[in-house]
Amino acid sequence: MYTMNRKPTPINKDAALAHQAEMTRVIDTLAENYLQGKIRALKLAMTTLLSGGHLLLEDIPGLGKTTLALALSNALGLSFGRIQCTSDLLPSDITGLSIFDRNDNRFRFVEGPIFNNIVLVDEINRAMPKTQSALLEAMEERRVTVEGKTYSLPQPFLVIATQNPAEQVGTYPLPESQMDRFLITTDIGYPPEEMEKMIIRDGSIREDIRHIEPLVKKEEIEAAQRSAHEAVYLGDKVIDYIYRLTAATREHRYIASGISTRGGLGLAAAAKASAFLANRNYVVPEDVRDVVIPAGAHRLILKPEQEALDKKEVLRSIVESVAVPLA
Amino acid sequence: MVKVRSLLDNLVFVVSLLGVLPVWLYLDLPTQVIFPLALLVGAWCDRKDHYFLSAMAATLVSIALFIIYALQIDRQNFVDPALNIGVLLLAVRLLTEKEGRHFLQIFLLSGFALAGSTLVTLHLAFLPLMVLLVIGVTSGLVLLCFYSDDPRLALDRKGFVRLLKMMFLLPSGALLLAIFFFFILPRTQHPLWDFLNPNSKTMVGFSEEVRPGAFSSTSTDDTVAFRAQAPEFDPNDLYWRVTVLDQMEGATWKRAELPSRTQPVVIGGTPVEVTIFPATAQEKFLITLDSPMAAQGVRYRRSSDGVFRFYRSTKRPKGYTITSRLNGQFRAERQLDPAPYLQLPQEISPRTRQAAQNLIASDLSAQVSKIETIKIFFRNQGLTYATDNLAIEGDPIDNFLFQSKRGYCEYFSSAMAIMLREVGIPTRLVGGYLGGTYNQLGGYYTVGEKNAHVWVEVLNDNNVWERIDPNLYAINASGSFLARSSFQLPTWQQLADAVDYYWTQAVITFDFARQLEYLKKGRDQLREWRRGEKTSWQLGPWFVIVPLLILAIYRLCKKPVRTEEKLLNQFRRIARNRAESSSIPHNIGLNDMVRRIGDNRAEEFARIYGGALYRDRTLNKEEIGKLRELLKGMQQNRE
């Protein structure tokens with residue numbers, strides 16, 4: 001995967017960004033009308049979608065995780081599936097299973113909820129490890145193999161998993177190696193005071209969300225994904241910056257294991273998507289810095305004696321110590 | 001990790017060594033032994049952190065040593081005891097446990113020792129030692145600051161390198177200032193501390209009297225007598241004329257400066273100009289190249305026999321330029337009284353007199369002149385040039401001519417002059433130097449005291465003083481005596497000598513007069529320049545070359561500033577001013593700065609600049625122009 005003689009990315013430094021305006025309009029519309037105060041999470045979700053990764057929302061229940069996922073899928077005109085994880089959830093509950101059709105006298109494959117464009121996996125840490133790993137495998141491979149037959153998942157494909165960090169009893173917290181599969185991890189946070197009062201006054205908007213008209217077509221999203229991957233130029237200076245950031249995490253005295261190469265790769269992809277959203281066809285160090293905490297913090301493994309520390313804060317201090325390339 | 005304490009200990013060792021090294025040769029024997037021992041034992045004590053000498057005992061020893069040497073001090077003998085006290089106090093201090101002020105004391109005493117070395121020797125080694133000592137002491141002071149703050153401080157590699165950089169920055173600044181002040185601060189015409197050195201150097205080799213047979217051998221050391229800047233000549237033509245000896249008193253030739261009203265006239269020869277730099281202060285006579293006509297750069301009197309005397313004797317060696325005619329001859333005065341040049345004492349051996357008389361009466365004398373006859377006699381006599389095993393009993397001249405037949409220049413010249421005077425030819429001895437070592441690198445001759453020489457001048461039939469060097473008639477002349485007067489040094493020795501020469505030139509002889517000279521020169525040139533005349537600037541080019549050189553070195557040391565960097569720096573400065581902060585942290589990106597400035601132009605700047613930088617291409621001309629314009633706009637907007 002990381003061979004040195006891979007084909008260089010096409011050097012078209014002035015390529016136009018396809019459907020950039022549409023994608024930003026989705027964010028703006030949602031943020032203005034439905035998801036007030038969640039613009040940061042919304043942007044990160046869009047970044048994840050554009051870079052083809054998956055999103056892990058870590059927050060207490062009731063802050064709009066589901067609303068966010070639902071609104072996004074509706075606005076994008078994508079199919080939406082939801083998995084509520086419990087300790088007795090089986091892998092086949094996610095992937096689907098073959099059932100015997102007596103009419104046709106043969107087995108018929110019934111697709112599970114994972115066969116949707118946007119899949120919300122609620123409280124992923126409640127599922128038992130076997131189910132978790134089946135899910136994560138599907139996320140990575142973008143296909144499902146059931147009883148020797150392989151089924152491709154629909155494109156575009158985005159998993160939004162949620163995890164309640166406060167709850168510990170009866171959960172199977174994702175190990176760090178599994179966390180690495182998520183491109184971006186973020187919290188949603190409480191909305192600002194005014195906003196929260198407004199929400200309390202106007203009531204839940206879950207109903208309104210159902211009536212959001214799709215703002216983009218599926219093909220446009222796919223084109224935008226391609227564009228974010230191919231048309232956004234990642235210069236040597238910024239590559240060096242990303243490298244220095246990851247290297248700094250590996251040398252830090254609080255950290256047992258820093259950002260992996262996959263993490264660096266994800267960081268670059270997220271930075272590209274971020275640049276795409278900023279309507280720029282090249283990556284600047286600020287793009288990297290904007291995504292490094294959500295894309296990097298969950299990949300760090302702190303030393304046992306430092307485990308009480310907040311990974312985000314540790315990473316933030318590292319980012320501050322690395323010089324931005326300016327010349 | 002490097003411990004500051006161990007750094008300091010090592011530095012103390014080096015600094016004390018540097019300070020005492022130049023005076024060590026001049027110390028008393030006990031001190032010579034005690035100091036290195038103290039140095040080694042002290043280093044051992046520092047390492048083991050175990051000291052034999054308690055603070056109290058050290059104080060008592062110091063006081064005792066001080067009293068012992070203080071008793072020896074008097075007006076005649078001040079320097080030696082003072083140096084010994086200093087070095088011994090340093091030795092005691094090295095043996096004791098060291099804390100803050102003790103380090104300072106060691107640095108100070110080492111500095112005193114090095115400074116004191118100039119009272120006993122003006123060796124070139126002073127300069128590098130001083131530079132090293134300044135570096136050592138300033139670094140020591142920096143380390144002490146750290147040490148006094150935290151005695152257990154240890155530095156990692158990075159911190160150590162940074163400290164080293166700072167430690168070298170300070171002394172280089174100090175040394176540059178020292179060079180500046182060396183030229184600027186007014187000098188005294190006489191050495192301030194001269195009274196501390198009453199015993200002036202006695203001249204070896206050259207002497208103002210010639211008395212063959214006074215010593216059984218002459219010593220030949222490598223002391224430099226003088227250096228002469230000149231083109232390279234045939235070394236056999238280099239007769240450096242200092243004095244003329246015309247009177248014999250007993251067996252001793254002396255100078256009785258015969259009365260004369262006329263100035264000497266030189267005929268023949270090729271005109272040359274040489275600049276002479278004596279190594280030591282000259283009391284009476286100028287060193288000139290035979291045959292001298294005039295001198296510049298010094299006040300002098302000229303005798304009719306071609307001897308130049310200082311008008312006033314100088315305390316410091318001083319350079320001057322001599323105009324001569326190489327191989328020229330002095331024409332005798334018209335009314336020269338030959339009698340004084342024929343004077344002979346009573347105690348001349350009969351055998352010598354007889355030999356001279358016989359020569360004149362012989363057949364040979366009928367064919368050639370008397371002078372030639374004497375020359376032939378010397379050539380046939382089988383005399384050997386030698387500096388040892390010389391006869392001192394009886395009549396040395398008689399012994400030299402007829403028995404031992406060994407002698408050096410004084411024997412040869414004295415013997416020939418006596419015989420010439422005996423047969424009625426006016427003769428005088430000329431004392432000076434012969435030959436010299438030409439230094440190709442510096443373009444000058446080095447003439448040592450071992451080149452001291454005496455030769456003969458006779459008044460020939462043309463009424464001209466003719467130079468005869470009887471030493472040339474020795475049977476081993478080409479082997480020993482001529483070889484000694486001129487030989488080539490190996491290159492490294494030439495180089496060392498050249499460095500020593502320039503050291504003397506630039507530093508030792510740099511005095512108030514030279515400063516005034518430069519000042520006057522500068523003023524004159526400035527005046528001429530104001531008049532708008534075309535002048536041949538001598539110092540002028542240096543005013544341009546030196547700053548250019550400094551600039552070039554600075555440029556070389558510094559990384560070349562690219563246009564991008566210049567633009568960026570300007571942009572950063574604007575951002576800094578807008579944010580009213582003293583500096584911008586290195587983790588602030590271009591767009592962050594744009595936010596701080598809050599200006600459309602800044603945004604445009606970031607777009608163009610970042611567009612090039614993060615797309616791996618350089619700015620083109622148009623973009624640079626546009627960026628400059630934007631920067632200008634932002635700056636004006638602020639004002």
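This is a short tour of a predicted model, stop by stop, with something to select at each one.

**Stop 1: colour chain B by confidence**

Start with chain B and colour it by pLDDT. Its mean pLDDT is 80, and 88% of its residues reach 70 or more. Now pick out two elements of chain B: helix α13 (residues 477-485), with the lowest mean pLDDT among the elements of the chain at 63, and strand β9 (residues 288-289), with the highest at 90. Then select residues 198-204 of chain B. Here pLDDT stays under 50, and the model has seven contacts beyond four places in sequence for this stretch.

**Stop 2: a salt bridge inside chain B**

Stay in chain B and show the side chains of Arg241(B) and Asp290(B). They meet in a salt bridge, with N to O at 3.0 Å. Where does each partner of the pair lie? Arg241(B) is in strand β4 (residues 239-245) of chain B, while Asp290(B) is in the loop between β9 and β10 (292-296) of chain B, so the pair ties together parts that are 49 residues apart in sequence. Over all chains, the count comes to 30 salt bridges. As background, side chains of opposite charge can pair when their charged atoms come close.

**Stop 3**

Bring both chains into view and select the residues in contact. Between them, chain B and chain A bury about 1,800 Å², with 51% of it on carbon and sulfur atoms.

How many salt bridges does the rule find across the interface of chain B and chain A? It finds one. To see a salt bridge here, show Arg289(A) and Asp592(B): their side chains meet at 2.7 Å, N to O. Eleven residue pairs are in polar contact between chain B and chain A, both residues being at pLDDT 80 or more.

**Stop 4**

Where they touch, 27 residues of domain 1 are in contact with 21 residues of domain 2. The area buried between the two domains of chain A is about 1,900 Å², and carbon and sulfur atoms give 58% of it.

Which three residues supply more than any other three of the area that domain 1 of chain A buries against domain 2? Select Gln20(A), Asp180(A) and Leu183(A), which supply 29% of that area.

Between the two domains of chain A the count is four salt bridges, along with twelve residue pairs in polar contact, both residues at pLDDT 80 or more.

Finally, highlight the elements on the side of domain 1 of chain A that touches domain 2. Those giving two or more residues are α1 (20-33), α2 (39-50), α6 (176-179), β9 (184-186) and α9 (218-230) of chain A. The residues of this side of domain 1 of chain A divide into twelve nonpolar, eight polar and seven charged.

Technical notes: Residues are numbered from 1 along each chain as its sequence is written. Chains are lettered from A and ligands numbered from 1 in the order in which they are written. Side-chain values use heavy atoms; hydrogens and water are left out. pLDDT is the predictor's confidence in each residue, from 0 to 100. Helices (H or I, at least four residues) and strands (E, at least two) are DSSP runs, numbered from the N terminus. Contact means heavy atoms within 4.5 Å. Buried area is the accessible area (1.4 Å probe) that two parts lose on being put together, summed over both. A polar contact is a pair of N or O atoms within 3.5 Å; within protein, one must be able to donate a hydrogen and the other to accept it, and residues adjacent in sequence count only if both atoms are side-chain atoms. Ala, Val, Leu, Ile, Met, Phe, Trp, Tyr, Cys and Pro count as nonpolar, Asp, Glu, Lys and Arg as charged, and the others, Gly among them, as polar.
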